[in-house]
Amino acid sequence: MDAHSGHPRRWQILGVMVFSLLAVVLDQTILNVAIKTIADPVHGLGATQSELEWAMNSYTLAFAGLLFTFGVLGDRLGRKRMLMAGMVVFLLASVASGYAQDPNQLIAARALMGIGGAAIMPATLAIISNVFPFHERGRAIGIWAAGVGIAVAIGPITGGLLLEHFWWGSVFLVNVPIVLIGLVLNAILVPDSKDPHKAKLDPIGVVLSILGLISLVYGIVRISDLGTVADVTVIVPVAVGVAILAGFVWYEYRTDHPAFDVRHFRNPAFSTAITTVGLTFFSAIGVMFFMAFYWQIVRGYSPLQSGALVLPFAAGQLLFSPRSAAMVERYGAKLVGTVAMSVITLVLGAYVFVGVDTPIWILLVLGFVQGGAMANILPPATTAIMNALPREKAGVGSSMSNVFRQVGSCLGIAVLGAILSASYRNDMEGVAAALPGDVGHVAQESIAGAAGVASALGPQGTSLLHAANEAFVTGVHWASGGAALMTLIGVFVVARWMPGKSAPTVVPDLVKAESAVG
């Protein structure tokens with residue numbers, strides 16, 4: 001295959017990669033719609049807010065922890081082979097999730113789904129980088145990102161329709177036909193590729209990354225459970241996690257076969273793009289998590305209706321992602337990225353003014369603008385990451401991009417959820433004290449708990465739900481402010497270190513090829 005012209009079937013292959021990724025993204029957005037139903041003790045599993053967070057975080061931790069390994073394995077054994085193996089695991093785990101009998105089984109099945117997703121996600125980007133020439137790669141990754149937008153759009157609607165007519169487990173079983181079709185398309189159309197230079201595996205680095213992430217995020221989730229940081233079950237796991245991750249960085253810097261080569265952070269374009277991806281997903285996914293409760297409990301919308309309300313956000317991504325490469329080519333990554341991050345910050349800041357009765361059209365406009373802004377920062381950042389590495393290391397490059405995406409999402413849910421939970425519990429303390437027995441504790445635990453007990457309290461339940469809604473919205477204000485602060489940091493990072501129009505990122509293997517020709 002000519003590195004300058006690309007694979008002759010590259011556009012069909014891109015379509016297969018987008019479809020292969022559909023189930024992974026679809027599953028994440030569907031779960032946001034289904035969380036209220038899964039929390040229901042009658043129609044769901046009776047999961048607590050902490051268990052709901054772990055149903056998402058177990059997936060993310062397995063995903064992020066194994067991305068390094070599967071990126072290296074894909075480069076070593078074949079990206080197509082790794083992609084199809086991951087799809088098989090994802091299929092089996094989807095069935096296990098759909099038929100889970102309690103929250104712990106769901107958490108375990110979701111972790112298995114994360115293992116499958118960790119093999120799928122980096123392989124799709126690695127294959128795209130290998131079949132497309134350098135000058136078309138930005139456009140291809142923009143279309144790939146638009147495919148994510150399609151999944152974001154149809155995920156909540158699909159989840160809502162399934163929950164209207166079937167039990168909660170159906171939101172996972174919808175992955176089965178998608179994965180089966182994807183397996184057939186990959187077998188027929190997609191070529192395999194691998195790194196011609198065999199790289200050693202890095203089991204020590206992988207174990208350190210998994211242990212460090214699990215310990216760190218466990219401590220953060222405990223903040224959400226307890227509503228305070230002044231507890232040994234918070235302080236110790238966070239401290240241990242930070243120490244292990246520091247050891248991970250130290251080890252990766254010194255080993256001759258790192259799963260995550262930290263030396264790439266010396267490249268300003270690479271490190272800025274990686275940081276931007278992490279900060280953007282920290283804020284976006286964290287906000288989407290608590291907005292699902294806002295739509296379904298505070299505003300009283302059904303899962304289908306709340307799914308439809310996500311469409312403007314997805315439409316913004318779908319509309320602008322394919323055009324992001326042209327924007328960067330015309331104005332430069334620094335200007336486009338700075339403006340996009342600034343818009344995201346303003347949107348998140350606007351959520352600070354959201355109330356219980358905010359007109360819906362305002363929230364829909366905010367969602368569309370946020371989606372459009374993210375479409376102008378994430379594809380260029382992903383392209384910069386992939387272009388910073390030689391083509392034979394595409395799997396590792398994709399892994400690096402996606403691990404920051406997933407860790408950012410996980411930490412966003414945990415940190416912003418902890419902020420919201422602490423604010424909610426503080427505001428509900430007086431109200432809960434006036435309720436009998438365990439009812440007060442349940443109402444103070446989460447807004448889902450308050451909504452669950454309010455129906456059995458008669459007139460007192462109405463006042464309880466009103467207080468809970470107001471307390472939850474106040475928590476949204478604090479969490480949104482925290483999210484806006486993180487993306488504001490991203491504004492300064494992009495404005496300071498992202499290369500401008502006059503300093504494009506050039507892929508190393510292309511430089512070598514052109515030097516050889518010259």
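Visitor: Is Trp-54 buried or exposed?
Guide: This is a predicted model, in which local features need pLDDT of at least 70, side-chain atom pairs count only at pLDDT 80 or more, and totals for chains, interfaces and linings use all residues. Residues are numbered from 1 along each chain as its sequence is written, and side-chain values use heavy atoms, with hydrogens and water left out. Buried means under 20% relative accessible area, exposed over 50%, and partly exposed in between, with a 1.4 Å probe and protein chains only. Trp-54 has a relative accessible area of 17%, so Trp-54 is buried.

Visitor: Where does Trp-54 lie?
Guide: Helices (H or I, at least four residues) and strands (E, at least two) are DSSP runs, numbered from the N terminus. The run that holds Trp-54 covers residues 49-77, and that is helix 2.

Visitor: How far apart are the C-alpha atoms of Trp-54 and Asn-104?
Guide: Along the chain, the two are 50 residues apart.

Visitor: How many helices does the protein have?
Guide: The secondary structure includes zero strands. The helices come to 21.

Visitor: What share of the residues counts as buried?
Guide: The protein has 518 residues. The buried share of them is 58%.

Visitor: Which side chain meets that of Glu-136 in a salt bridge?
Guide: A salt bridge is a side-chain nitrogen of Lys or Arg within 4 Å of a carboxyl oxygen of Asp or Glu. The structure holds one salt bridge. Its N to O distance is 2.7 Å, and the partner of Glu-136 is Arg-10.

Visitor: How many residues apart are Glu-136 and Arg-10?
Guide: Glu-136 is in helix 5 and Arg-10 is in helix 1 (residues 10-39), so the pair links distant parts of the chain. Both Glu-136 and Arg-10 are buried.

Visitor: Which residues does Glu-136 contact, leaving aside its neighbours within four places in sequence?
Guide: Contact means heavy atoms within 4.5 Å. Glu-136 has a relative accessible area of 18%, so it is buried. With those neighbours set aside, its contacts are Arg-10 and Trp-11.

Visitor: Which helix gives the largest share of the nonpolar patch?
Guide: Patches are made of residues with over 30% relative accessible area and no salt bridge, where like charges are joined within 9 Å and nonpolar side chains (Val, Leu, Ile, Met, Phe, Trp, Tyr) within 5 Å. The nonpolar patch covers about 520 Å² and is made by Leu-319, Trp-361, Ile-362, Val-365, Phe-368 and Val-369. Five of these residues come from residues 360-375, which is helix 15.

Visitor: Is Trp-361 buried or exposed?
Guide: Trp-361 is found in helix 15. Its relative accessible area is 59%, so Trp-361 is exposed.

Visitor: Which residues does Val-369 touch, not counting those up to four places away in sequence?
Guide: Val-369 is also in helix 15. With a relative accessible area of 34%, Val-369 is partly exposed. The residues touched are Val-343 and Val-347.

Visitor: At what angle do the axes of helix 18 and helix 19 cross?
Guide: Axes are lines fitted to C-alpha atoms, for helices over the stretch in contact, and angles run from 0 to 180 degrees between N-to-C directions. The axes of helix 18 (residues 437-445) and helix 19 (residues 447-454) come within 5 Å, and they cross at roughly 140 degrees.

Methods
Areas by Shrake-Rupley, 256 points an atom, 1.4 Å probe, with all protein chains shown as cover.
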